[in-house]
Amino acid sequence: DHAISSFQFEPDLVWVKRRDGTNGQNLFDQVRGVTKYIQSSSTNGEGTDANELKSFDSDGFTYGSNAGGNADDGNYVAWCWDAGSSAGSAKSGATGQTITASNSWYNATAGFEILKWSGTGSAGKIGHNLGAPPEFLIVKQTTAHGTSGQGDGNWIVGHDGLGAGDGRLIFNGTHNWDSGNDSAAHWNDVTPTNELFGLGTSGNVNGSGGTYIGYIWRSVEGYSLAGTWDGNSSADGPYVYCGFRPKFI
């Protein structure tokens, strides 16, 4: 086991990639628990391996012997987020809310929340605790849904720059922004609010009986920014103002 420390906080979302190998990118979070991984390059649902990430520590995390995070002399990078010091209460009772998360960890100050919910198969709205509309949303199916027992699905990414409640990108594919039908299927054509965001009928975000994990952010200066820019194909590219010096783009 290998302890990675000196974080100055206990991480709640840990995203790991081996830099000198072809191992997939593994994501772990406090809501789903230790040793449970999902991979951003794969449609597979959640996997469990006792030798993956074994604990979220007060100053970092501990990884087991799996080569995805701890091969002898392996070279790795990890990006980590603080979603608060403990599990919070999932949002409930918001006007228009039809889906309630079964678990939630959130850090409203930093503008980040981890949500877990069961799919309904019906378009609706789910509550969040950010206190402002989420601008960047990542959703992944983790367990099977529907009578077919389909256990895999695309990573669905929403972004304010694609139009609030409109369009989607896919981590595990090369798709560009696609609006039209996908706006309803994934985000229910709902513009996110201070308390809610939409979920459509797509099995990738809300299939009946499936389980889903969502990572959502709102812009908070000094923590993170969701934005867009237009390229110009020039060596003197566009200047993108963030309001702070970014460490992860």
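Visitor: Why is Phe248 called partly exposed?

Guide: Phe248 has a relative accessible area of 42%. Buried means under 20%, exposed over 50%, and partly exposed in between (1.4 Å probe, protein chains only), so Phe248 counts as partly exposed. The model is predicted: local features need pLDDT of at least 70, side-chain atom pairs count only at pLDDT 80 or more, and totals for chains, interfaces and linings use all residues. Residues are numbered from 1 along each chain as its sequence is written, and side-chain values use heavy atoms, with hydrogens and water left out.

Visitor: What makes Trp79 partly exposed?

Guide: The relative accessibility of Trp79 is 24%, so Trp79 counts as partly exposed.

Visitor: How many aromatic pairs does a search of the whole structure find?

Guide: The search finds 15 aromatic pairs. Rings of Phe, Tyr and Trp (its six-membered ring) pair if their centres lie within 6.5 Å; planes under 30 degrees apart count as stacked, over 60 as edge-to-face and the rest as tilted.

Visitor: Why is the pair of Trp79 and Phe248 called stacked?

Guide: Their ring centres are 5.0 Å apart and their planes stand at 20°, so this pair is stacked. Trp79 is in strand β8 and Phe248 in the segment after β16 (211–217), 169 residues apart. Strands (E, at least two residues) are DSSP runs, numbered from the N terminus.

Visitor: What makes the pair of Trp81 and Trp217 edge-to-face?

Guide: The centres of the two rings are 5.7 Å apart and the planes are at 65°, so the pair is edge-to-face. Both Trp81 and Trp217 are buried.

Terms used:
Helix = DSSP H or I, 4+ residues; strand = E, 2+ residues; numbered from the N terminus.
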